[in-house]
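Here is a brief report on selected strands and helices. Keep the model open as you read.

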Amino acid sequence: SLSRLRDDDKKNLNVACAPKEEICGASTSDYILDHEQGHWDYSHQDFYEDWNKRAIRHALNGDLATALEFFRAASFHSPFRGDVWCNVGRAIIDNLWENHNKEQFNSNQMFIEDVREAIAAVELAILLNNDPAKNLLTSLLADFSRWFPGKCPGWDCNAYEKEREAIDHLKRGDHLDAVNLICKNKASLYINLTRSDRESIMSARTMRAIFLRMRICGVVVLRDALMGDILQRVFTSYQRDIREIVQYLHVNTSNPSSTVREWTNAAERSMGRFEVRLPFRFPYTDPMLTSNRFIITASKLMLSDRIEIDTFSTVTSLPNAPVQPWHADVSYLFPRYIVDPVFHLPPQGIVSVLPLVPMNKSNGPTEFMTGSHVSMGVDFWIKTVSNPITPVHCLEADVGSAVLFDIRIFHRGTPNPSSVARPIIYMSYVYDWYHDKVNFKDKQTRSFDLLSGSQQKLLMRLDSQEYNRIVEESLKNKGGKPDAIASGLEYKKVEIHA
């Protein structure tokens, strides 16, 4: 049990989570930072290693309370690492035992919340493929039953049991069974951020809930993730900018002989729905919007810290827009392969949808086919759209909430029967190696028009780079100074982390 582990292992905290040579993947050698910074703002380096090594150093010195805070800081910067959450879970328990004797602990129900948080952290570590956490969880669950007879390790016993059953389905590769178990209840897809989440680093309880729903269902809603005044500023700017956008669309869609409804900065997604790239200026670039810590932490949980914003746009459903066809925004990375659901590939991106007005049945919320982000074979999900085999939900959301979904999931806009437009902000957070080449066209040179179809495809990226070079040269020839607006920062791309 953990109580025995603690006595035997007190000088080597977290060894239960560790590879053979290291404590949870980080060396115990002394590592002193030459600067002090908070959790929320930091320079371009791997702060996971900084916080993790600090934590280990404090743990080895017997300062378990400080070690726990630093392990939590590591979980903020690298929530995608299983060893992080294993560390957090073990540190919670060891910190409790350090400050309370056995009699106090066994008789005091006030500790149950802390132990549940530890269990959630260790379970999340296992979901993130940290094998050493499995033994730790076995001990934790056994001790929980002894410490709190008749109590459930989860905050909602019925939901917890279903989640454990769904995890067992995933282990066996029974993806559809897991989806129909977890995603059937629409309310379960909504996550209420706790007071602790808002005042400090996001809890293991919340992160585990997000991971399970994103992994199994492919979509989750974070309630009240953003402050209303931020979105109000964005909406005010949108209302001003949309006039120019509508004029642009009117001019470019007035040719009845043209079937092309896609441009470099706008596209018609279906009848009555237009997506337009947002201007790269404030308030759209407000860090409180683009770098919202709840959205970023959830995105990093599902991806890594090597993420960038790819698509940055607004999608407007015009009055009386009809239902949209079922679709995925991008395809699976390897659509011709049948991927074993046990070894489901992680997403290349997570989409964040932020309503600028309340999104409900009166103006057409987005409808999702849960579970369809997992490849089950060529055209598997397309063949089920007329008779879905997994729960389908329209997810309403208020201003300030964020709808996060796996970029591969099948979804559609529902009709907007109202007399006003329904705008949303659409941001995709993707791996830095991925670029959505489907939904918007790049600028190309006139020479591109003369290439054959196959040459156009092969040379598209190079020609776009050539377009930028020609524009810069043209600007220089007219007395402009493109270097004056270019970044002067010296950096290596590989060293930049989100």
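Thr-366 sits opposite Leu-395 of strand 8. This is a predicted model. The pairing belongs to strand 7, residues 366–369, and strand 8, which run antiparallel and share four bridges.

## Strand 6: covered on both faces

Strand 6 spans residues 349–355, and seven of its seven residues are buried. In a regular strand, side chains alternate between the two faces of the sheet. Which residues lie on each side of strand 6? One side carries Gly-349, Val-351, Val-353 and Pro-355. The other carries Ile-350, Ser-352 and Leu-354. Both faces are covered, and all of these residues are buried.

## Partners of strand 6

Strand 6 pairs with strand 11, residues 422–431. The two run antiparallel and are joined by seven bridges. Within this pairing, Val-353 stands opposite Tyr-426 of strand 11. Val-353 is also one of the buried residues of strand 6.

Strand 6 pairs with strand 9 (residues 402–406) as well. Here four bridges make the link, and the sense is again antiparallel. Ser-352 has Leu-404 of strand 9 as its bridge partner. Ser-352 lies on the side of strand 6 that also holds Ile-350 and Leu-354.

## Helix 8 against helix 9

Now to the helices. Helix 8 covers residues 157–172, and helix 9 covers residues 175–182. Their axes come within 8 Å and cross at roughly 165°. An angle over 145 degrees counts as roughly antiparallel, and helix 8 and helix 9 are therefore roughly antiparallel to each other. The crossing of helix 8 past helix 9 is left-handed.

Which residues make the contact? Helix 8 supplies Lys-162, Glu-163, Glu-165, Ala-166, His-169 and Leu-170. Helix 9 supplies His-175, Asp-177, Ala-178, Leu-181 and Ile-182.

Definitions and conventions. Residues are numbered from 1 along each chain as its sequence is written. This is a predicted model: local features need pLDDT of at least 70, side-chain atom pairs count only at pLDDT 80 or more; totals for chains, interfaces and linings use all residues. Side-chain values use heavy atoms; hydrogens and water are left out. Axes are lines fitted to C-alpha atoms, for helices over the stretch in contact, and angles run from 0 to 180 degrees between N-to-C directions. Angles under 35 degrees count as roughly parallel, over 145 as roughly antiparallel, 65 to 115 as roughly perpendicular and the rest as oblique. A crossing is left-handed if the near helix is turned anticlockwise from the far one by less than a right angle, and right-handed if clockwise. Contact means heavy atoms within 4.5 Å. Two strands pair if DSSP finds at least two bridges between them. Buried means under 20% relative accessible area, exposed over 50%, partly exposed in between (1.4 Å probe, protein chains only).
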